[in-house]
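Hi,

Here is the structure I promised to send over. Have a look at it first, then read my notes below.

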Amino acid sequence: MNTVQNNFNLLPLNSFHIDYIARWFCCVETVDELHWLLSDKQFENQQQLILGGGSNILFTKDFDGLVIKNELQGIEKINETDAHIFVKAAAGVVWHQLVQYCISNNWAGVENLSLIPGCVGASPIQNIGAYGVELKDVFYSLEAFSIHEKKLLTLHLNDCEFGYRDSVFKRQLKNQLVITSVTFKLNKQPVFKTSYGAIEQELEKMKVHELSIKAISQAVVNIRSSKLPNPAVLGNAGSFFKNPEIDADKFEQLKTDFPTIAAYPLANGNYKLAAGWLIEECGWKGKTIGNCGVHQHQALVLVNYGGATGAEIFDLSTKIVESVQHQFGVRLEREVNIL
Ligand code: FAD
Ligand code: EPU
């Protein structure tokens, strides 16, 4: 069992590289260790935070409680049918390593989700998504340790209430469960999804003649690397805001006032707006305020140029929310978890 450390510096464990301290910190490598830690009277009534790769979190102050870094490891094929492979991955597995493992075995479904930072255990929290695929499309079940009941539970697709960057784990079950593993339902026969964004152009540029999940993964990696900052080099947490959904009347009004507005229709008759377009149009793209700013290639990404505090980044995000509200009458919602 790893020891519990006091006054632990969180800077290396969050992709924004924000310099705050956790009152207590411990890594767990097994479910038994997790059980032991969560049963310890010292921590029972304390605030707890489960940490994966720290790539969707903004600390705005020291964490006055116990931070548990999930380091449960292992990937195994647990079942197979004529059409599908069922793969169980422990929560501490790095997401992109799982993607690479599936591609190397020719198991299809996660290739469009290549290079998303973070760990498997966090993937259901906001139902990670990119390039036309969401986690829910490959999700079969998960196991989670109930903090109050002190036992493992299994949840299936219908229990998770997945939506766009949303799940039951951000609402009713917030702070109740520690996800310990996720089981994925992958395809033996790939269904290629290349219509989203610049995938087709990138495949052409790569001179791919025979489509494969490996080629799609590489195209996604290339596109992402060209516009998203690498957190190892420049602190960030990906999209800071969600793309907002508006109704058709509001869309017609905006389209009249702003004919180039970036939006696409949804099945329910509403429209999804590109928040990056709204933020850029307000003049924020590439702007720096103090030690933080708005990324020059992607206005949806806020960055820490070094030494920014979480409060500074949060204040910048508030200014952006206010100016988008003022110019377009649209309320941006933060995607990043604020602590
Ligand atoms: P963390 O930041 O450690 O945690 C996020 C939340 O999940 C916290 O509330 C935490 O308490 C909770 N949590 C973590 N693990 C567990 C667990 N085992 N049990 C219970 N709760 C848990 N996201 C996308 O959806 N699509 C993208 O394309 C995308 N691109 C990104 C690009 C960059 C450059 C960056 C920095 C981020 C991007 N993200 C994207 C956001 C991020 O990668 C995902 O949200 C990812 O799933 C976060 O994983 P993590 O392990 O770092 O989670
Ligand atoms: N746009 C601009 N200016 C910008 C950025 C974007 O005008 O600075 C407009 C352009 O019209 C562009 C459109 O927005 O065509 C969409 O941009 P992009 O393809 O970069 O995607 P996004 O909507 O900004 C979303 C996700 C990303 C995900 C990509 C690819 C959200 C909040 N973000 O970004 O997820 O990787 O699509 O699927 O849904 C994340 O969640 O952290 C994340 C990075």
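A polar contact here means a pair of N or O atoms within 3.5 Å; within protein, one must be able to donate a hydrogen and the other to accept it, and residues adjacent in sequence count only if both atoms are side-chain atoms. This is a predicted model, where local features need pLDDT of at least 70, side-chain atom pairs count only at pLDDT 80 or more, and totals for chains, interfaces and linings use all residues. Residues are numbered from 1 along each chain as its sequence is written, chains are lettered from A and ligands numbered from 1 in the order in which they are written, and side-chain values use heavy atoms, leaving out hydrogens and water.

So, ligand 2. Glu 335 has a polar side-chain atom 2.7 Å from one of the ligand's oxygen atoms. Tyr 164 also puts a polar side-chain atom 2.7 Å from an oxygen of ligand 2, and for Gln 298 the distance is 2.8 Å. On its own, ligand 2 exposes 820 Å², and the protein buries 79% of that (areas by the Shrake-Rupley method with a 1.4 Å probe; for residues, only the protein chains shown count as cover).

What about the shell as a whole? Ligand 2 has 22 residues around it (a heavy atom within 4 Å), and Tyr 131 and Glu 280 are also among those that come nearest. Helix 8 gives the most, three residues (helices are DSSP runs of H or I, at least four residues; strands are runs of E, at least two; both are numbered from the N terminus). Helix 6 (213-227) and strand 13 each give two or more as well.

Cheers
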